[in-house]
Amino acid sequence: MVNRRDFVKSAAGLGVLTAVTGAVAAAPATGMFLALNTALTGNKVQWPESARLAARVGYGGIDLNLNPAMKEGIDATRALLADLKLRTSFCSLPVNTTGADEVFQKGMSTLDERAKFVSAVGCGRMMMVLPTSSETPADELHKMLKARLTAVAEVLAKNNVRLGLEFLGPLMFRTRAPHEFIWRMNDAVAFAKEIGPNIGVVLDSWHWHHSGATVEDIIAAGKSRIVTIHLSDAAKMVPEDVKDNQRLLPGEGVINLVGFFQALKRIGYEDGVSPEVIGRIPADMSAEDGAKLGLDASLAVMRKAGIAI
């Protein structure tokens, strides 16, 4: 981990720092927008101050922190987002789909209420992480997850909410348990199609790269099956050395992010892009400086790809 001074100096050399007063305009009502992710702020600010930080720095959106937002209420949350001119990218699915049945059912008992809130505040997207490996054989896990996610999908569909399934590409996830499960993009898309029309994938550039997925895979998935985007870059390394907390700012590594964004533009993707550079922001960096670094680096890559936001 580099210290804050060296990190800022390095980032400035890459041309990713903006002046304090150089915030960009908030996102328009349609089209891609950058959303503030907690990986950039180290959880140093909490909702609703995190939303105010996002707007102040120049983001067009923010990842919705569901529980504290629900405590604020629908009207207060809608007013906050409207005042700040922010869109929301996604929130986490509040249901444990791989735990014991009583744990799953407990989550399901409040899902309708939570989905109503998410829809009412204009988010309409949730996400969950797919198990990449498991103690349970793949065919058994597939059957259980399909049944549970079908029930989830029905509740979400009533409330006009989509669910993204995040596939994890690095080898470290595939070897944690004896039975490999879904880790390739195309397999995740196929699984989503088995469940329902409002189910798709979380397209994380880090996992897209480490799973060996391609630009053509993005195009084949299409707009309807890509729910939200996570953005980071990667150093060149062999699969055995890849750790999830080694991500780079967009443009610092070897991922074909220009092709990534051009494919998203081609399919008409118009939702959130959340910079999720896990492990890259120094612990002693302020939330505002971390947010600015992620914004500037992401904007630079998107502009190279011809994406104007």
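**Notes on a predicted model: the sheet, its helices and a few side chains**

1. The strands β10 and β11 pair in the parallel sense, over 3 bridges. Together with helix α12 (residues 257-267), β10 and β11 make a β-α-β unit, and that unit is right-handed.

2. Stepping back to the whole sheet, 9 strands make it up, in the order β3-β2-β1-β11-β10-β9-β7-β5-β4. The sheet is open and the pairing is parallel. The edges belong to β3 (87-88) and β4 (91-92); each has a single partner strand, so one side of each is left without a neighbour in the sheet.

3. Now for β11, which covers residues 272-275. Which residues of β11 lie on each side, and are they buried or exposed? Gly272 and Ser274 are on one side, Val273 and Pro275 on the other, and all are buried. Both faces of this strand are covered, in other words.

4. On to β1 (33-36), which pairs with β11 in the parallel sense over 2 bridges. Phe33 stands opposite Gly272 of β11, and the bridge partner of Leu34 is Val273. β1 also pairs with strand β2 (residues 61-62), again parallel and over 2 bridges; here Ala35 stands opposite Gly61. As for the side chains, Phe33 and Ala35 point one way from β1, while Leu34 and Leu36 point the other way. All of these β1 residues are buried.

5. Elsewhere in the sheet, strand β7 (residues 162-166) and strand β9 (residues 199-204) pair over 4 bridges, in the parallel sense. If you want a spot to look at, Leu165 stands opposite Val201 in β9. Helix α9 (residues 185-195) packs on the sheet and touches β7, β9 and β10 (226-231). The direction of α9 makes about 155° with that of β9.

6. Another helix to find is α13 (residues 287-304), which packs on the sheet and touches β1, β10 and β11. Its direction makes about 160° with that of β1. Leu299 has its place in α13. With a relative accessible area of 5%, Leu299 is buried, the limit for that label being under 20%. For a sense of scale, Leu299 and Gly212 are 87 residues apart in sequence and 25 Å apart in space, C-alpha to C-alpha.

7. How many aromatic pairs does a search of the whole structure find? The search finds 3. Take Phe181 and Phe191: their ring centres are 6.3 Å apart and their planes are at 80°, so the pair is edge-to-face. Phe181 lies in the loop between β8 (179-180) and α9, and Phe191 in helix α9, so the pair ties together parts that are 10 residues apart in sequence.

8. Next come Phe260 and Phe261, whose ring centres are 5.5 Å apart with the planes at 90°, so the pair is edge-to-face. Phe260 is buried, at 0% relative accessible area, and Phe261 is buried with a value of 0% too. Ring pairs link Phe260 and Phe261 with Trp208 into a cluster. A charged side chain also meets a ring in this model: Arg174 lies over the face of Trp183, at 3.7 Å from the ring centre.

9. Last, have a look at Arg247. Where is Arg247 placed? Arg247 sits in the loop between β10 and α12. Is Arg247 buried or exposed? Its relative accessibility is 2%, so Arg247 counts as buried. Leaving aside neighbours within four places in sequence, the residues in contact with Arg247 include Asp204, Trp206, His207, Ser232 and Asp233. Glu276, Val277, Ile278 and Arg280 are also in contact with Arg247. Met127, by comparison, is 120 residues from Arg247 in sequence and 20 Å from it in space, C-alpha to C-alpha.

Technical notes: Residues numbered from 1 in each chain as written. Predicted model: local features only at pLDDT ≥ 70, side-chain atom pairs only at ≥ 80, totals over all residues. Heavy atoms only, no water. Pairing = 2+ DSSP bridges. Contact = heavy atoms within 4.5 Å. Axes fitted to C-alpha atoms, helices over the stretch in contact; angles between N-to-C directions. Buried < 20%, exposed > 50% of the residue type's maximum accessible area, 1.4 Å probe, protein only. Phe/Tyr/Trp six-rings, centres within 6.5 Å; stacked < 30°, edge-to-face > 60°. Lys NZ or Arg CZ within 6 Å of the ring centre and 35° of its normal. Right-handed = clockwise from strand over helix to strand, strands pointing away.
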